[in-house]
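Biologist: I'd like to learn how to read a structure like this one. Could you walk me through it, feature by feature?

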Amino acid sequence: MKQIFAFLLGAIVCGAAPSGLHAQDSTSASSGIYTLQQAARGGALYQSKCATCHRDNLSGGGTSPALAGPDFTSNWTGQPLAALFDRIHTSMPTDQPGSLTAQQVADLIAFLLRSNRYPAGQIELPAVSDRLKQILCDKAP
């Protein structure tokens, strides 16, 4: 029993969710913490709410930061996804801050993760900031 517990704990700490654990139990963005369907919803929302400032290709411009590539990952690596969630939820879009629902923000983050080559999984990213505190944004695979 001790060996099984040690294995599970080690797998969670390393960000690999063994079968039987929910994706939200893992601790890294690279362990499949969103679904492709969720990322697709986020992509449609991105085009209507975010692309004007952050551009269609997520490269940013002016005062709007890039949301894909090395600039994005260097800004968020080591941060809990809750920080990104809270930032988007309270300040975006800039012309209507705080207008996005929690589910829309989670969908947008799924799209951003997909755009930065983080793998998809079988369970949707939760739309609850407190649950996202346990998931760190690691370096994109």
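Biologist: Let's begin with α6: what covers its buried residues?

Modeller: The cover of the buried residues of α6 includes α2, α4 and α5. Helices here are DSSP runs of H or I with at least four residues, strands are E runs of at least two, and both are numbered from the N terminus. Buried means under 20% relative accessible area, exposed over 50%, and partly exposed in between, with a 1.4 Å probe and protein chains only. Among the buried residues of α6 are Val105, Asp107, Leu108 and Phe111.

Biologist: Before we go on, what kind of model is this?

Modeller: This is a predicted model, where local features need pLDDT of at least 70, side-chain atom pairs count only at pLDDT 80 or more, and totals for chains, interfaces and linings use all residues. Residues are numbered from 1 along each chain as its sequence is written, and side-chain values use heavy atoms, with hydrogens and water left out.

Biologist: How do I read the span of helix α2?

Modeller: The expected span of a helix is 1.5 Å times one less than its number of residues. Helix α2 (residues 36-49) has 14 residues and should span 20 Å, and its end C-alpha atoms are 20 Å apart, so the two agree.

Biologist: And which elements do the buried residues of α2 pack against?

Modeller: They pack against α3 (51-54) and α6 (102-115). Tyrosine 46 sits in helix α2, and it counts as buried because its relative accessibility is 1%. Contact means heavy atoms within 4.5 Å. Beyond its neighbours within four places in sequence, tyrosine 46 touches residues including His54, Leu58, Leu108 and Phe111.

Biologist: How many disulfides are there?

Modeller: A disulfide is a pair of cysteine sulfur atoms within 2.5 Å, and a search of the whole structure finds 0. For cysteine 53, the closest cysteine sulfur is that of cysteine 50, 8.5 Å away, which is too far for a bond. Cysteine 53 is partly exposed at 36% relative accessible area, whereas cysteine 137 is buried at 3%.

Biologist: What about the largest pocket: how much space lies in it?

Modeller: About 480 Å³. A pocket is an open set of points on a 1 Å grid over the protein atoms alone, where a 1.4 Å probe fits, with protein on both sides within 12 Å along at least five of seven lines; lining residues have an atom within 4 Å of a point. Of the 25 lining residues, the closest to the centre are Cys50, His54, Pro65, Leu67 and Met92.

Definitions and conventions
Points joined across faces, edges and corners; volume = space filled by probe spheres on them.
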